[in-house]
Amino acid sequence: MNDSTPTPAPTPTPTPDAALTADVLVVGSGPTGLLLAGDLAAAGVSVTVVERRPRGISNMTRAFGVHARTLEALDARGLAEELVKRGTTISRMDMFGHVTVDLTRLRSRFPFLLVSPQYEMERLLERRALAEGVQFRYGTELLGLRQDRDGVTAELREGSSGRLLTARSRYLVGTDGARSGVREALGVPFPGASVIHSIVLADVRLDKEPDVMLSVKGAGDSFAVIAPFGDGYFRVMGWNRNHQVPDTAPVDLDELRLIAREALGSDLGLHDPRWISRFHSDERQAPSYRVGRAFLAGDAAHVHSPAGGQGMNTGLQDAANLSWKLAAALRGRVADPEALLDSYEAERHPVGASVLRSSGALVRLAMAHTPLQRTARSLATRTLNSVRPAADKALGMISGIGISYRAERGSHPLTGRRAPDLALADGRLYEALRRGEFVLVTPRGARSAGPKGATSNHVAPEGVVCAQWRSGRGSTLLVRPDGYVAWASDRPDPTGLRAALDRWTGHGVERTVTA
């Protein structure tokens, strides 16, 4: 017998927006997020970037210095030359009127500091990310997230419509700045404190250019930093101990002129500000950079004083470290993906802590005003001027080229260290790294053995680019996609190389290289 009572229609189950289903969801579209997303997409990983701000790159930004190691990372992506052409290179810096830093001593293809506003970096990286197929959702805010054994579900809200969305990804990375919603949703604390208040920042024109193109000077109760953009404008940053007001307090050019006169002895005819702002700077670091399938990078993981210009650079190096590891895990190209993903925090957290220490020391030297503090600054400047190893070490850490990662006991001394731009038989190392893979550098005449015993100069496991020294060097190097040495040997060691390839690519047993 048929029941004449109609069957109620089933309640529809909300389904994720198709555009918000990806291998990796990146929250935040600053330089760190853009580099990360572009790398992942170039490796064949589907990526969606969610950004709370509306689309458009602001020309108001605090970051302006691009260090040598960051330029090397961009070179490994074919992007460095364009950025260098659009910026201004500085080979000498004057610190506190007593220390002259000679950047030409850097052992890098880029022995200088590039002055280039953050928005130029963002334009470059956004263009690359779009070309690689990254999907962007602007005006979209993260409300919360939850994880399970297979992935991450993020709850989002579109700012224009208020529509609620659900995004599903296998991994999620928070690159959403110092007030990170991802960090908050993960329950990760952000311990630290403000280190300096009421910094005035402006892009202005000058009637008189400074004698040194990048100068940091102070007179006890104030300091100023001046750097050229190359388009007629200069970045001027100033601080006055006797005028400490909230970030929201009005700021004008007269205040910056006063600081410049006190710190530099002249206001250099400051005029025509492109923009002017006031801000404070914190020193904070998250204790964890990974929680399950979610990661923190850039300012979401660490913030510090602007001294040394290391903020944006450190975040970009976070992205370079994490991107290839996520890609390897997602593509099944590593023997132990969990250990590889854990190595992101193990390698980058100590770097973040080091940057907090070095930038904090620099800003405290700039703020020195008591007799004891000035004596300490005088001692530090004399040491940097007279002890070359100390100066080189400081320069290496600030520029990034001196940063290395801890290697296992008994490893070759080069393991974990940055690989310089080595001369290869067919070009340069950082050109070979543009494929986003490991690069295996062997002596000339070394042969790669395929799975059936056939030999070739170019056969290697999937995910490895084979190259040979231009010179007659007899060593063998396996270089990670981020330009750090994964394994090295000074003599033929097929067994060691096979083990390294198996560990890093998961293919060492199938194919190896005979040196």
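**Charges over aromatic rings in the predicted model.** The charged end of Arg473 sits over the ring of Trp469, 4.0 Å from its centre, and the charged end of Arg183 likewise sits over the ring of Phe190, at 3.7 Å from the ring centre. A charge counts as sitting over a ring if NZ of Lys or CZ of Arg is within 6 Å of the ring centre and within 35 degrees of the ring normal. This is a predicted model, in which local features need pLDDT of at least 70 and side-chain atom pairs count only at pLDDT 80 or more, while totals for chains, interfaces and linings use all residues. Residues are numbered from 1 along each chain as its sequence is written, and side-chain values use heavy atoms, with hydrogens and water left out.

Helix H12, residues 494-505, has twelve residues and reaches 16 Å from its first C-alpha to its last, close to the 16 Å expected at 1.5 Å a residue, where the expected span is 1.5 Å times one less than the number of residues. Helices (H or I, at least four residues) and strands (E, at least two) are DSSP runs, numbered from the N terminus. Gly496, Leu497, Ala500, Leu501, Trp504 and Thr505 of H12 are buried, that is, under 20% relative accessible area, with exposed meaning over 50% and partly exposed in between (1.4 Å probe, protein chains only). They cover an arc of only 135 degrees around the axis, which puts them on the same side of H12; the arc is that of the directions from the helix axis to the C-beta atoms. Just after H12, Gly506 takes a positive phi of about 75 degrees.

Phe110 and Phe112 form an edge-to-face pair, 6.2 Å centre to centre with 90 degrees between the planes, and both Phe110 and Phe112 are buried. Phe438 and Trp504 form a tilted pair, 6.0 Å centre to centre with 45 degrees between the planes. This pair links distant parts of the chain, with Phe438 in strand E22 (residues 438-442) and Trp504 in helix H12, 66 residues apart, and both Phe438 and Trp504 are buried. Tyr171, Tyr289, Phe295 and Tyr344 form one aromatic cluster.

Conventions: Rings of Phe, Tyr and Trp (its six-membered ring) pair if their centres lie within 6.5 Å; planes under 30 degrees apart count as stacked, over 60 as edge-to-face and the rest as tilted.
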